[in-house]
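Thank you for making time for this short talk. Please have the sequence and the structure open while I speak.

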Amino acid sequence: MELEEIIKRVLRDEPLGPRELDALSSWLLSKQGKEDFFNILEWYDGNSGGDDILDYDLILKRLRSRIQAKPAKKLQGVFWWGISAAVIVLSVLMGQVFYETRVERTILPGMNGAILTLADGSDILLEKELVGEIRQGGAMINIHGSIIGYRNDSANLGDQYNLLAVQKGGEYVLTLGDGTRVWMNADSRLKYPVCFNDTLREVFLEGEAYFEVAPDSCCPFLVKTAQQEIKVLGTKFNVSAYLDEPTVTTLLEGSVYLTSVVVKGEHQLVPGEQVVIDPVSNEFTVTEVDAENVIAWTLGKFVFDDNTLEQVMKKLERWYGVEVDYVDPEVKKIVFKGNLPRYLDLRILLGMIERISPARFQVDGYKVTVSLF
């Protein structure tokens with residue numbers, strides 16, 4: 001069935017079947033599908049032949065009532081209370097669509113959510129309404145919204161790894177089996193064993209994460225990225241390890257020993273120190289910073305301290321899921337300093353940047369064009 005026909009049924013308050021809900025969610029998984037969906041609704045709003053304006057809240061409530069009426073699903077011995085992964089995607093994205101204004105669409109900030117890939121390759125979409133349990137080998141994985149808890153019934157689980165992937169426009173907090181907590185930023189992935197062994201706790205990171213490592217003097221905690229290895233016993237630190245940027249490690253509490261695997265350098269950090277590894281310039285630098293500013297993203301703030309506009313926009317690209325284009329390459333070099341709320345509509349946030357810099361922004365859908373004033 002075509003998307004237009006499904007939308008007509010929604011507007012007529014007719015029920016949608018499982019296949020129609022799945023089709024709708026698949027459309028909404030892509031940026032273009034989301035744009036098309038909104039445009040069709042907008043067209044109906046302006047061509048309905050009457051004076052009434054579409055009640056977007058009412059339409060959303062209709063869809064959610066049908067979604068939530070879907071029976072709980074049992075899959076591979078796992079009961080899901082709430083709604084299935086496909087329907088969660090639909091509910092979240094529909095919420096984003098319906099709360100956009102018809103005149104000038106808002107671009108909403110990221111939200112809590114991730115994809116958990118189990119050792120057998122199956123994927124689970126994690127969202128705050130999702131509650132359930134999964135048995136994996138000798139471990140039980142408890143999922144309760146934004147928290148994953150691992151309970152090990154057996155110490156011998158072999159080499160079973162899980163992968164937690166946070167997409168652009170997302171964030172997630174993970175509690176590992178040893179009690180270590182990990183705040184994951186947008187466009188990040190963490191690979192970790194279902195059960196840590198008795199001699200080493202080892203995880204693999206791509207992207208940005210803030211770690212609060214559970215102390216264990218007999219079992220070091222090792223974080224590996226494409227450019228470095230970090231060895232700790234129990235501490236708090238932030239790692240930004242995106243593949244297209246230098247890797248930045250900042251220590252808040254405790255002590256970590258860092259070894260670069262791409263340029264020559266190693267260093268034992270003390271609180272307030274930051275190590276930057278740049279494989280392009282072949283540099284390994286150590287500086288003192290305000291570590292609290294570095295982890296401000298976990299507290300709902302952007303804190304920029306003499307960052308270039310290009311660096312600022314890279315963060316916004318990941319957080320809002322937009323694409324950025326520069327009219328003049330020189331605009332990338334503008335130095336920006338300031339604090340901004342992390343949970344604002346993008347247009348409002350860009351307006352704040354315009355008021356304190358010579359940069360100007362034009363937003364067209366999910367594309368942001370940057371120019372000089």
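Which residue in E20 is the bridge partner of valine 248? The bridge partner of valine 248 in E20 is valine 276. Before I go on, let me say that this is a predicted model, in which local features need pLDDT of at least 70, side-chain atom pairs count only at pLDDT 80 or more, and totals for chains, interfaces and linings use all residues. Residues are numbered from 1 along each chain as its sequence is written, and side-chain values use heavy atoms, with hydrogens and water left out.

Two strands are said to pair if DSSP finds at least two bridges between them. Strand E17 covers residues 247-253, and with strand E20, residues 273-278, E17 pairs in the antiparallel sense over four bridges. Strand E16, residues 236-241, is joined to E17 by five bridges, again antiparallel, and here phenylalanine 237 has leucine 251 in E17 as its bridge partner. E16 and E17 form a hairpin, with five residues between them. Five of the seven residues of E17 are buried, where buried means under 20% relative accessible area, exposed means over 50%, and partly exposed lies in between, for a 1.4 Å probe and protein chains only.

Now to the loop between E16 and E17, where we find glutamate 245. Why does glutamate 245 count as buried? Glutamate 245 counts as buried because its relative accessibility is 19%. Its side chain makes a polar contact with the side chain of arginine 318, at 3.0 Å; a polar contact is a pair of N or O atoms within 3.5 Å, where, within protein, one must be able to donate a hydrogen and the other to accept it, and residues adjacent in sequence count only if both atoms are side-chain atoms. If we leave aside neighbours within four places in sequence, glutamate 245 is in contact with Gln227, Ser240, Lys314 and Arg318, contact meaning heavy atoms within 4.5 Å.

Finally, let us turn to another sheet. Three strands form an open sheet with mixed pairing, in the order E23-E26-E25, and its edge strands, E23 (323-326) and E25 (359-364), each pair on one side only. E23 and E26, residues 367-372, pair in the parallel sense over four bridges, and glutamate 323 stands opposite lysine 367 in E26.

Technical notes: Helices (H or I, at least four residues) and strands (E, at least two) are DSSP runs, numbered from the N terminus.
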